[in-house]
Amino acid sequence: MKLHQSKNNGNLFTGYGDGFVLINDERFEGNLVVTADSVTAWPVGAFDALEAGHFALVADMAPEVVLFGSGKTIRFPHPRLTAALTNRGVGVEVMDTQAACRTFNILMAEDRKVIAVLFT
């Protein structure tokens, strides 16, 4: 699917497909942490390997909201895993990865400090 370009500066999802996302028209595969100005690999191999420390790293980036894209289907991480975020008042929204990409672009257009954590 192709997404429409925004006038916002910074990272935006411009497309996605099975096992990949496009960020500013550049293809990325693998699990990612995406902010307005960075795209980094997320050191988690699979959903079942999630640990609280993975979310603590994201919490240290001081976002307003974290979009957790769990892949093709919605899978909720246990609340003890996301406690580092919720204890700091950071909203955590869980959705499939495609919805997380679309929502990220909307929040970026609103100048929100959003981080997308994605399983592609």
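Which residues have the most contacts inside the largest nonpolar core? The legends below take up this question and then turn to individual sites in the predicted model.

**Figure 1. The largest nonpolar core of the predicted model.** This core has 20 residues, and those with the most contacts inside it are Phe 13, Val 21, Val 34, Leu 67, Phe 104 and Leu 118. Two or more residues are given to the core by each of strand S1 (13–17), strand S2 (20–23), strand S4 (32–34), strand S6, helix H3 (97–109) and strand S8. Helix H3 supplies the largest share, six residues. Apart from this core lies another, of 17 residues, among them Val 33, Val 44, Phe 55 and Val 90.

**Figure 2. The overall fold.** The protein contains three helices and eight strands, which follow one another along the sequence in the pattern β-β-β-β-β-α-β-α-β-α-β. The radius of gyration is 13 Å, close to the 14 Å that the globule rule gives for 120 residues, so the protein is as compact as a globular protein of that length. Along the principal axes, the C-alpha atoms fill a box of roughly 35 × 30 × 20 Å. Of the 120 residues, 45% count as buried. Among contacts between residues at least 6 apart in sequence, 60% join residues at least 24 apart. The protein exposes about 6300 Å², of which carbon and sulfur atoms supply 52%.

**Figure 3. The buried face of helix H1.** Helix H1 spans residues 52–59, and its buried residues are His 54, Phe 55, Val 58 and Ala 59. Seen down the axis of H1, these residues fall within an arc of 145 degrees, so they line one face of the helix. In an α-helix there are 3.6 residues a turn, so residues three or four places apart point the same way. The cover over the buried residues of H1 includes strand S6 (65–69), helix H2 (83–86) and strand S8 (114–118). Phe 55 also belongs to the core of 17 residues.

**Figure 4. The surroundings of Val 21.** Val 21 is among the residues with the most contacts inside the largest nonpolar core. Leaving out residues up to four places away in sequence, Val 21 touches Phe 13, Gly 15, Tyr 16, Glu 26, Arg 27, Phe 28, Leu 32, Thr 97, Cys 101, Leu 118 and Thr 120. Of these neighbours, Phe 13 and Leu 118 are likewise listed among the residues with the most contacts inside that core.

**Figure 5. Arg 27 in strand S3.** Strand S3 comprises residues 26–29 and includes Arg 27. With a relative accessibility of 48%, Arg 27 counts as partly exposed, because the exposed class begins over 50%. Neighbours within four places in sequence aside, Arg 27 is in contact with Phe 20, Val 21 and Leu 22. The side chain of Arg 27 makes a polar contact with the side chain of Glu 29, at 2.9 Å. Thr 14 lies 13 residues from Arg 27 along the chain, and the C-alpha atoms of the two are separated by 9.5 Å.

**Figure 6. Asn 11 in the segment before strand S1.** Asn 11 has a relative accessibility of 10% and counts as buried, because the limit for that class is under 20%. The side chain of Asn 11 reaches the backbone oxygen of Ser 38 at 3.3 Å. Beyond the residues up to four places away in sequence, Asn 11 touches Ile 23, Asn 24, Val 34, Thr 35, Ala 36, Asp 37, Ser 38, Val 39, Phe 104 and Met 108. Val 34 and Phe 104 are among the residues with the most contacts inside the largest nonpolar core.

Figure 7. Most residues other than glycine have a negative phi. Ala 62 is partly exposed, with a relative accessible area of 47%.

**Figure 8. Thr 82 in the loop between S6 and H2.** Thr 82 is buried, with a relative accessible area of 7%. Not counting residues up to four places away in sequence, Thr 82 touches Phe 55, Pro 77 and Val 92. Phe 55 is one of the buried residues of helix H1.

How values were computed: Residues are numbered from 1 along each chain as its sequence is written. This is a predicted model: local features need pLDDT of at least 70, side-chain atom pairs count only at pLDDT 80 or more; totals for chains, interfaces and linings use all residues. Side-chain values use heavy atoms; hydrogens and water are left out. Buried means under 20% relative accessible area, exposed over 50%, partly exposed in between (1.4 Å probe, protein chains only). Helices (H or I, at least four residues) and strands (E, at least two) are DSSP runs, numbered from the N terminus. The arc is that of the directions from the helix axis to the C-beta atoms. Contact means heavy atoms within 4.5 Å. A nonpolar core is a set of buried Ala, Val, Leu, Ile, Met, Phe, Trp, Tyr and Cys residues joined through side-chain atoms within 4.5 Å. A polar contact is a pair of N or O atoms within 3.5 Å; within protein, one must be able to donate a hydrogen and the other to accept it, and residues adjacent in sequence count only if both atoms are side-chain atoms. The radius of gyration is taken over C-alpha atoms; the globule rule is 2.2 Å times the number of residues to the power 0.38. Accessible areas come from the Shrake-Rupley method with a 1.4 Å probe; for residues, only the protein chains shown count as cover.
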